[in-house]
Amino acid sequence: MAEEQDSSQDRSEEPTEKRLRDAREEGQVPRSKELTTMLLLLVGSGSLFASASLIGGNMGSVMRFNFTLEREAMFDPSLMLQHLGVSLVEATTSLIPFFIAMMLVSLLSPLALGGWLLSAKALMPKFSRMDPIKGLKRMFSAKSLVELVKSIAKVAVVATVSIFVLLSYQEDFLGMGKEAIPQAIAHGLSVLGWSVMGMSASLVLIAIIDIPFQIWDHRKQLMMTKQEVKDEYKNTEGKPEVKGRIRQLQREMAERRMMADVPKADVVITNPTHFAVAVKYDASKAEAPYVLAKGVEEVAFKIREIAEAHDVTVIEAPTLARAIYFTTRISQQIPAGLYVAVAQVLAYVFQLRRYRDGVGDKPQMRPEFPVPGELQRDTEGNPVDREQD
């Protein structure tokens, strides 16, 4: 039943980027053998045609060197190896342009379709290919039928073009016997180059048909069912309940770190019960006071509790507490509009602390902490139109 649901008939969804990326890592990319064969034959015949004179001249020199011998040299056995070495060097030198052209085509032709690919997974043995049942299925599959049709078409097209090419060069073939050896070799290579080039050009039509088919077939093999898309999304993005749990744990860790900083605060400003913000001023770390911790409801209660346990002064200033809470993030400096109010709070706290330490006078009364109207917020964080608490 599961196999029926996973059949190609149910694969109606386009492959995702992850599916395409995974397939490429496994060495599965669109390739066209016809394109590579066509490029090799065209460039090979072109290079032979371009270097026909060089090859012909070198081959003529090799023949003259090997067949023009002194009588004494014919009875010297070591001369054979000498002639063989010189002949190999001459022949290899004349074919260097051809070899370079073939090497460049072999390296660059994959860029035309699929690109370069180095995949260790593609080199691993696949024992599933040794299954005779699956092998028979591949033999009689639609792809095998297409390959058979391509092979027949390729043979038919190349054979037809070859007949016309050979007939067109019939007189050249017969006339080579009357030419000198160097000219005959150069002429023969030229005819051979044009002939192979003409036969290779016949593969252009097959390559033009094969390239879109390979791209379509590759895409078709990677098509996905709706269930596969859902499963991939879950595996990539994570299940909602798992993501929610991760976010909860992250919030708890951040909250614990924040609570650990509360004892370092100079003052905790409260609403008095709904909001609480812990503020610190350290000229060596920041130019203005900054927020160490903030929270609402239970978190605010916890901040006040920790502050009282560590003798951190708690000041009730509802408007200022809400303004700092809604306009400032953890570890961020307070807005410039709150400098005056927070400075007054800190001055009052430092004066109160000196009094408690017995080195200062008792503050006469708690000052007002003015908050600019544009920074005032209600309990929902919405702007309010008033100047101070």
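Colleague: How many residues does helix α5 have, and how far does it reach?

Modeller: This is a predicted model. In it, α5 covers residues 78–108, which is 31 residues, and its first and last C-alpha atoms are 44 Å apart. That is close to the 45 Å expected at 1.5 Å a residue.

Colleague: Where is the kink in α5?

Modeller: At L95, shortly before the proline P97. The kink is about 45°.

Colleague: Which residues of α5 are buried?

Modeller: L79, H83, S87, S94, A101, M102 and V105. What covers them includes α3 (33–50) and α4 (52–67).

Colleague: Is S109 buried or exposed?

Modeller: Buried: its relative accessible area is 7%, and the cut-off for buried is under 20%.

Colleague: Switching to α3. What about F49?

Modeller: F49 lies in helix α3. It counts as partly exposed because its relative accessibility is 31%, and that class sits between 20% and 50%.

Colleague: What does F49 touch, not counting residues up to four places away in sequence?

Modeller: S190, G193 and W194. There is also a pair to note here: F49 and H187 are 138 residues apart in sequence, yet their C-alpha atoms are 9.9 Å apart in space.

Colleague: Which helix is around there, and what length should it span?

Modeller: Helix α10 runs over residues 181–201. Its 21 residues should span 30 Å at 1.5 Å a residue, and its end C-alpha atoms are 30 Å apart, so the two agree.

Colleague: Which residues of α10 are buried, and what do they pack against?

Modeller: The buried ones are A184, I185, L189, S190, V191, G193, S195 and S200. They pack against α3, α4, α8 (142–168), α9 (170–175) and α11 (203–221).

Colleague: Where does UniProt place the feature "transmembrane region"?

Modeller: The UniProt entry, which is unreviewed, places it at residues 38–57, 95–124, 145–169 and 189–213.

Colleague: What does the chain look like over 38–57 and 145–169?

Modeller: Residues 38–57 are 95% helix and 0% strand, with the end C-alpha atoms 29 Å apart. Residues 145–169 are 96% helix and 0% strand, and there the end C-alpha atoms lie 36 Å apart.

Colleague: OK, the sheet now. What is the strand order?

Modeller: The sheet is open, has 4 strands in the order β3-β2-β1-β4, and its pairing is mixed. β3 (290–296) and β4 (313–316) are at the edges, each with a single partner strand, so one side of each has no neighbour in the sheet. From one strand to the next the twist averages 20°.

Colleague: Which pairs are parallel and which antiparallel?

Modeller: β2, residues 275–280, pairs with β3 in the antiparallel sense over 6 bridges. β1 and β2 are also antiparallel, over 4 bridges, and they form a hairpin with 4 residues between them. β1 and β4 pair in the parallel sense over 4 bridges.

Colleague: Which residues face each other across those pairs?

Modeller: A276 in β2 has G295 in β3 as a bridge partner, and T270 stands opposite A276. On the β4 side, I269 has I315 as its bridge partner.

Colleague: Is β1 covered on both faces or open?

Modeller: Both faces are covered. V267 and I269 on one side are buried, and so are V268 and T270 on the other.

Colleague: Which helices go with the sheet?

Modeller: Helix α15, residues 318–327, lies across β1 (267–270), β2, β3 and β4, and runs at about 75° to β2. Helix α16, residues 339–356, packs on the sheet too, touching β1, β2 and β4, and its direction makes about 135° with that of β4.

Colleague: Last one, the whole protein. How many helices and strands are there?

Modeller: There are 16 helices and 4 strands. Of the 389 residues, 31% are buried. Among contacts between residues at least 6 apart in sequence, 73% join residues at least 24 apart.

Terms used:
Residues numbered from 1 in each chain as written. Predicted model: local features only at pLDDT ≥ 70, side-chain atom pairs only at ≥ 80, totals over all residues. Heavy atoms only, no water. Pairing = 2+ DSSP bridges. Helix = DSSP H or I, 4+ residues; strand = E, 2+ residues; numbered from the N terminus. Axes fitted to C-alpha atoms, helices over the stretch in contact; angles between N-to-C directions. Contact = heavy atoms within 4.5 Å. Expected span 1.5 Å × (residues − 1). Bend = angle between axes of the 7 residues up to and from the residue. Buried < 20%, exposed > 50% of the residue type's maximum accessible area, 1.4 Å probe, protein only. UniProt positions renumbered as here; feature names shortened; annotations may be inferred.
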